[in-house]
Amino acid sequence: MTNSSNHVDVKDVTFYRGSRKIYDGLNVSFPRGKITAIMGPSGTGKTTLLRMIGGQLKADSGQVMVNGDDVGRMSRADLFELRKNKMGMLFQTSGLFTDLNVFDNVAFPLRTHTDLPDDMIRDLVLMKLEAVGLRGTRDMFPAELSGGMVRRVALARSIAMDPELIMYDEPFTGLDPISMGMILRLIRGLNEALGLTSLLVSHDVEESCQIADYLCIVSGGKVIGFGTPDELKNGDNAEVRQFLNGDPDGPVPFHYPANDYRADLFAGDA
Amino acid sequence: MLKYVRDLGKTGVESIQSIGRAGMLFGQSVTWGGPGSAGFLDLIKQIHSVGVRSLSIIIVAGFFVGMVLALQGYNILIKFGSVSALGTMVSLTLLRELGPVLAALLFAGRAGSALTAEIGLMKATEQLSAMEMMGVDPLKRVITPRLWAGMISVPILALLFSTVGIWGGAFVAVDMLGLYDGAYWSNMANTVEFYDDVVQGLIKAAVFGVVVTWIAVYQGYDAAPTSEGIGKATTQTVVISSLAILGLDFILTAVMLGGV
Amino acid sequence: MRMRNIELMVGGFMVMGIIALVLMALRVSGLSMDAAGETYTIKARFENLGGLTDRAKVSLAGVTIGRVTNISLDEEWYAAVVEMEIDKSMSTLPIDTSASILTAGLLGEKYIGLSVGAEIDYMTDGDWVQDTQSAIVLEELISRFLFSQAEGE
C-alpha cells in the first residue's frame, strides 16, 4: 500500500462538532509528493481535516488512511510513532516553545526522539536552520522574532525529523509580502528537494494557486472541486469559480440561512 | 420554570463530565514514561518554579502567622494563668492546621494560578498540539513533571511554614513578651507528638499538594484557548482549590482525630 | 550553567525541608533519637483511672521520664492495669516507688506522677508498682464535702 500514488486517503468521513455537522461523507485523496492546497470558506473545517489526518481528532465515521493505515483506529503508541517519524505540522500560531530559544526549539524533537550525540544534534539543527535562512537567530527567543521568522523556525522544527508528509495550517496569514514570498519559496523548495507530500490549508487563492499542484475546494462538508488550479478556474462548477474569483454572492449565499426577514422584523413588536 | 430545571440538569451533567475529564487527566499523567516522556531534569525545573519560587511568600507569611498566634495566645492564656502552654498552642495550631492549610492556600494563589496560566497559554499558542504532532505526548511531557513537582513541594512548604511560624512565635513570646524560653520549648516538646501532629500535618499537606496541583493543571489543560478562557481558568483554579483545601481539611481532620 | 543554579536551588529547598523535619522531630516534638529498645516497662494497678489515656506522661519530680503504653482491665481484681514505659536512663527507681494519677492544672490532662521510696533495690522490667493512688474524681470530692457539711450541722 505504501507505494500507492496517494499518501492520504479520506473515505466517507463524517465529523460532528457538538451537534453541528462539519463533514458529511467526505471523500478525498492527496497524491504523494505533491503540494495540495485545501481551500474553502471560513468555518468549513479545513483545519479540522488536517487534525483528523494528524490523529488529533477522530472522525465520527469513515476512515482517514495515511500510508494505508487508518489513523483513527491506531493505538496511541502507533499514532505517536507515526507522528514522530512520518509527519510534520506547521501550526497557524507556530507553536514554538516560548521558554526555549530557537536552537533548542529545533533541537527538541531530535533530543526527545534520538540518542544522537550533542555535536551531531548541533550540526543537524544548524542545517535545518540554514535551510530556512535563520542560522543567525539560534540564540534568540521566539518573542524576539518577527511573525515570518517565527513561522520559518517552526518550519525548521517540523522538518527536523525528516517527515514524509507535512501539513501547513494557514501558513500565509498575517505575513507581510516579503515574508509571504519567503514562506512560499520554502514550501515549494522543501517539496522539490525532499519530495515531501505537502498539504496546505489557506484562504489565499492567489498564493495557493502559485505553488499548489492541486487544489481541493471544500464547502458544506463536502469536496466541491479537486484538480489543478487551471482546471478548476476554467471548470463549470459555479461555486468553485465563485470562491476562486472571490465574488460576494453566488451559489454560496451572502446571507446566513435565516427565517423570513420581514417576519423577523415584525416579530420584535409582538 | 422548565428552563431552570433543564439548565440545572445541564450544569450537573457538565460538572460530572468535567470531573471525569479531570480524573482521566490525572490517571494518564500521574505515571512516568510514554512517548517523549519528561526526564528527571524536567522535574527539577518544575520543583524550582513551583516550590523554590514560593519559598519567600511562605517564609514571610509563616513568620507573621507565628507571631500573631503567639501574641493572641498570650493574651488569652494569661487570663487562665497558663501562659506556659503558649508554645504548645502555637506549635499545635501550626502543625495540625495552619501550616498545611495556609501553605496550600498560598501555593494555590502563587503557584497554582501560574501553572494554570502557563499550561493554558501553551495550549492557546498551540505548543501542546505542536508537541503532539512531533510525537511527544504533552500529558507525559508537560503535565507529569508539574503534577509531581506540586505533590513534592507542598509538604515541604507546609513544613517550612510551621517551622518558621514556631520560631516566629518564640520570637514574640520570649523576646518581646518576656516569657521564659524553657517554658515555651519544653512544654511544646512534652505535648507535641511526632506521629500524631507532625506526620499527620504532613499527610494533610501532601493531600492538599496533589489536589491543588491537579486542579491547576486540569484547569489549564481544559481552558478555552483564548485570553478570556485562560483568565477564567486561573480564577477557577484559585477558587476551586481553596474550597477543596478547606473542605478536605475538615474531612482529613475528622478521619485523623476519629471524632466524627 | 542556568540549569546548574536551578539544581542548586532545588537541592537547597529539599535540604531545608529535611532540616525542618529534623527540627520538628527533635526540638518541637521532643522525639528522642533513642526511642525504641531503650526503655523498660513497669506496671501498676489503679482502682480508678479517672480519664488517664494511652500515651499519657509518666513524670518524676515534674520531669517526664516515660509514657503510658497500655491500659487494660484486671478482671480478677476489678482494677485497671497500666503499663508504662520508663526511660532506660532512669533505671534507678526503688522498688517501693509509688504512683499516683495527677492532673496538670485544674482541668489539664491526666498523668502519672511517681514518687520514690527508700529501698536500695531497683525496679526492673515487668515489676509492679505496689503503692498506687487513684485519680481524684471531682464529683466524689464534692459529694464527700457536702456530706461532711451536712453531718456537721
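This is a predicted model: local features need pLDDT of at least 70, side-chain atom pairs count only at pLDDT 80 or more; totals for chains, interfaces and linings use all residues.
Start with how the chains meet. Two pairs of chains touch, and the pair with the most contacts is B and C. Chains A and C do not touch. Their nearest C-alpha atoms lie 13 Å apart. The interface described below is that of chain B with chain A.

Chain A brings 23 residues to this contact, and chain B brings 17. Together the two chains bury about 1,800 Å². Carbon and sulfur atoms account for 60% of that area. On the chain B side, the residues that lose the most area to chain A are Glu126(B), Met133(B) and Met134(B). These three together make up 41% of what that side buries.

Glu126(B) also has a charged partner. Its side chain meets that of Arg51(A) in a salt bridge, with N to O at 3.2 Å. A salt bridge here requires a side-chain nitrogen of Lys or Arg within 4 Å of a carboxyl oxygen of Asp or Glu, so the Arg51(A)–Glu126(B) pair at 3.2 Å qualifies. Across the whole interface of chains B and A, the rule finds two salt bridges. Polar contacts across the interface come to 12 residue pairs, with both residues at pLDDT 80 or more.

Which elements of chain B give two or more residues to the side that touches chain A? They are α5 (127–133) and α6 (138–176) of chain B. The most comes from α5(B), which gives six residues. By class, this side of chain B holds eight nonpolar, five polar and four charged residues.

Now turn to the annotation of chain B. An unreviewed UniProt entry lists "transmembrane region" for residues 55–78, 98–121, 147–178, 198–217 and 238–257 of chain B. Two of these segments can be set against the model. Residues 147–178 of chain B are 94% helix and 0% strand. The end C-alpha atoms of that segment are 45 Å apart. Residues 238–257 of chain B are 100% helix and 0% strand. Here the end C-alpha atoms are 28 Å apart.

Last, the aromatic rings. The count over all chains is seven aromatic pairs. In one pair, Phe97(A) and Phe108(A), the ring centres are 4.7 Å apart and the planes stand at 65°, so the pair is edge-to-face. Phe97(A) sits in the loop between β6 (87–90) and α3 (102–113) of chain A. Phe108(A) lies in helix α3 of chain A.

Terms used: Residues are numbered from 1 along each chain as its sequence is written. Chains are lettered from A and ligands numbered from 1 in the order in which they are written. Side-chain values use heavy atoms; hydrogens and water are left out. Contact means heavy atoms within 4.5 Å. Buried area is the accessible area (1.4 Å probe) that two parts lose on being put together, summed over both. A polar contact is a pair of N or O atoms within 3.5 Å; within protein, one must be able to donate a hydrogen and the other to accept it, and residues adjacent in sequence count only if both atoms are side-chain atoms. Helices (H or I, at least four residues) and strands (E, at least two) are DSSP runs, numbered from the N terminus. Ala, Val, Leu, Ile, Met, Phe, Trp, Tyr, Cys and Pro count as nonpolar, Asp, Glu, Lys and Arg as charged, and the others, Gly among them, as polar. UniProt positions are given in the numbering used here, feature names are shortened, and annotations may be inferred rather than shown by experiment. Rings of Phe, Tyr and Trp (its six-membered ring) pair if their centres lie within 6.5 Å; planes under 30 degrees apart count as stacked, over 60 as edge-to-face and the rest as tilted.
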